[in-house]
Structure formats: structure tokens, C-alpha cells
Amino acid sequence: MTNSPAALALAEPVFSDKETLALAGFLAGYSGLTRQAYALDLRQFTAWCHTRHLRMFAVRRAEIELFARELENAGRARATITRRLSTIAGLYR
């Protein structure tokens, strides 16, 4: 058995300070189950953006539409997709 020093990997933060503030500010306006549902919607959307190397404030409508089509292809219910899009629209408003 050999001892080797642990390597540290530096990672870029997932969100900029402005993005973090925008997400927190949006969610602060809600409580309870609504806040939980909106937080889930935003986690899924921001994870989708992250895997495509899209910054939150650089996303265009066409990319949001692509997100919706991927939800449809994954078999999500129309009501779920509509709520997610409504949450995203509310964030960008």
C-alpha cells in the first residue's frame, strides 16, 4: 500500500453571485409547498442549463422551448411542464 497526497480539483462555481441572488430572491417570495415546487423546477432547469454550459442570464427563449420539448419527450405531464415554464418565466420577469 502506498501513500499518495490527495489531489484537489478546483471547480468553477455553478452560479455567479448575481444568479444566486436572483434565485434566492425569487424563492424568498414563496413559502411551503409552493416554494418547494418552484425550487424543484428551478433546480431541474438550472441543472439542464449547466449540462449544456448555458449561463442562467444568457438563456434565450429557444433554449427554454428546447427544455420544454425534452420534458415532453421524457413523458412529463402537460401540467408539470406548464408549471415549470411558468416558474422559469416568473424568475426572468
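Visitor: Which exposed residues does the face of H1 turned away from its buried side carry?

Guide: That face carries Asp17, Lys18, Leu21 and Ala28. The model is a predicted one. Exposed means over 50% relative accessible area, so these four residues of H1 are called exposed.

Visitor: What makes Glu19, Leu23, Phe26 and Leu27 of H1 count as buried?

Guide: The cut-off is under 20% relative accessible area. Glu19, Leu23, Phe26 and Leu27 are buried by that rule. Seen down the axis of H1, they fall within an arc of 95°, so they line one face of the helix. Helices H2 and H4 are among what covers them.

Visitor: Which residues of H3 are buried, and why are they said to be on the same side?

Guide: Glu63, Ile64, Phe67, Ala68 and Leu71 are buried. They cover an arc of only 150° around the axis, which puts them on the same side of H3. They pack against helix H2 (32–51) and helix H4 (78–92). The face turned away from that side carries the exposed residues Ala62 and Asn73. After H3 comes Gly75, with a positive phi near 85°.

Visitor: What makes up the largest nonpolar core, and why is it called a core?

Guide: Its ten residues are Phe45, Trp48, Cys49, Val59, Ile64, Phe67, Ala68, Leu71, Ile81 and Ile88. The name requires buried nonpolar residues joined through side-chain atoms within 4.5 Å, so this set is called a nonpolar core. H2, H3 and H4 each supply at least two of its residues, and the largest share, four residues, comes from H3. In soluble globular proteins, nonpolar side chains tend to be buried together.

Visitor: Which residues is Ile64 in contact with, leaving aside neighbours within four places in sequence?

Guide: Ile64 is in contact with Phe45, Val59, Leu85, Ile88 and Tyr92.

Notes
Residues are numbered from 1 along each chain as its sequence is written. This is a predicted model: local features need pLDDT of at least 70, side-chain atom pairs count only at pLDDT 80 or more; totals for chains, interfaces and linings use all residues. Side-chain values use heavy atoms; hydrogens and water are left out. Buried means under 20% relative accessible area, exposed over 50%, partly exposed in between (1.4 Å probe, protein chains only). The arc is that of the directions from the helix axis to the C-beta atoms. Contact means heavy atoms within 4.5 Å.
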